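Thanks for coming, everyone. I have one structure to show today. Please take a look at it first.

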Amino acid sequence: MKTVLITGGSSGLGYGISRHFARAGFQILWVSLHQEELDTAAKKLEAEFPALVLHSLAKDLSQDGAAQAVKAWTDQQGWQVDVLINNAGFGNYGYVEEIPLDREMGLMKLNMLNLYAMSRIYLQEMKGRDQGTIINISSNSSFQPVPMMNTYASSKAFVTHFSRGLSEELRLAGSKVKVLTVCPAAIADTPFKTVNQMEKVKTFSGMAYTTVEEVSKDVWRAYRKGKSFQVSGAKMRALFFIKDLVPYRLQQWMVQREIKLS
């Protein structure tokens, strides 16, 4: 039985992706912040897939040493992680100087530093076996600056460039280990906008918004095909292919319409 480790797996996109791996017979490992959410989501997923083997760990992944603690957990249980999905993350909305510094620092630690550490730690053993896949969930906001979501977009730019660069390094080294970078459009039906106080931000009902179901399917199909890059949401893919033809100021005008409050 293969094993997939999904951070933030007990809600939103992480839960949607989990359903595809559960259907395929994977053992699922979840790492999320709240034990109550983990327990509730586990009962729901187990009801849908009675043969499911699922284990969970409540952990604040923005804390120093969190990735090492997760690795110690999987090692102690003797689990070989075949697929690592770095999905956990959060965003902030507002002018940079108005957002509490500790919240911005927490965002950067979770979205960038933990993803880097998790990728690096599990990459080492995957390379040793010459098999395995790392899936890093980035965002369409990584393609250009996004005012009012500046730090979030910047953190996702790191995720996109780091993940795609890591994929190229593995290709150059002749490794069979895969890294898949996923860049979804704004997902309308997740707790993300509520948790991050973005309920009134237009992008979640804007020109390219998507859904958990659409992105989950895109992630699963891209993984099965061994792809290294996936823009998710059909509308977002259409925009992505023409973005280089659009002048920067026009791109920014479009972005700023999307991030306004409704």
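I will cover a helix pair, then some salt bridges.

First, the ground rules. This is a predicted model, so local features need pLDDT of at least 70 and side-chain atom pairs count only at pLDDT 80 or more, while totals for chains, interfaces and linings use all residues. Residues are numbered from 1 along each chain as its sequence is written, and side-chain values use heavy atoms, with hydrogens and water left out.

Now the helix pair. Two packed helices are described by the angle between their axes and the distance between the axes. Our two are α4, residues 101-129, and α5, residues 150-172. Helices here are DSSP runs of H or I, at least four residues, numbered from the N terminus. The axes of α4 and α5 come within 9 Å and cross at roughly 15°. Axes are lines fitted to C-alpha atoms over the stretch in contact, and angles run from 0 to 180 degrees between N-to-C directions. So α4 and α5 are roughly parallel, a term for angles under 35 degrees. Their crossing is right-handed, meaning that the near helix is turned clockwise from the far one by less than a right angle.

Who makes the contact (heavy atoms within 4.5 Å)? On α4, the residues include L107, M108, M112, L115 and L123. On α5, they include F158, V159, F162, L166 and L170. The contact residues divide into 12 nonpolar, 4 polar and 3 charged. Nonpolar covers Ala, Val, Leu, Ile, Met, Phe, Trp, Tyr, Cys and Pro; charged covers Asp, Glu, Lys and Arg; the others, Gly among them, are polar.

Next, the salt bridges. Side chains of opposite charge can pair when their charged atoms come close. The rule is a side-chain nitrogen of Lys or Arg within 4 Å of a carboxyl oxygen of Asp or Glu. That gives 6 salt bridges.

Take E125 and R129, with closest N and O atoms 3.6 Å apart. Both lie in α4, 4 residues apart, about one turn of the helix. E125 is partly exposed at 23% relative accessible area; the cut-offs are buried under 20%, exposed over 50%, partly exposed in between, with a 1.4 Å probe and protein chains only. R129 is partly exposed too, at 24%.

E168 is partly exposed at 38%, and R171 is exposed at 55%.

Last one: E213 and K217 meet at 3.3 Å, N to O. They sit in α7, residues 212-225, 4 residues apart. Finally, salt bridges that share partners join K71, D75, E125 and R129 into one network.

How values were computed. Angles under 35 degrees count as roughly parallel, over 145 as roughly antiparallel, 65 to 115 as roughly perpendicular and the rest as oblique. Contact means heavy atoms within 4.5 Å.
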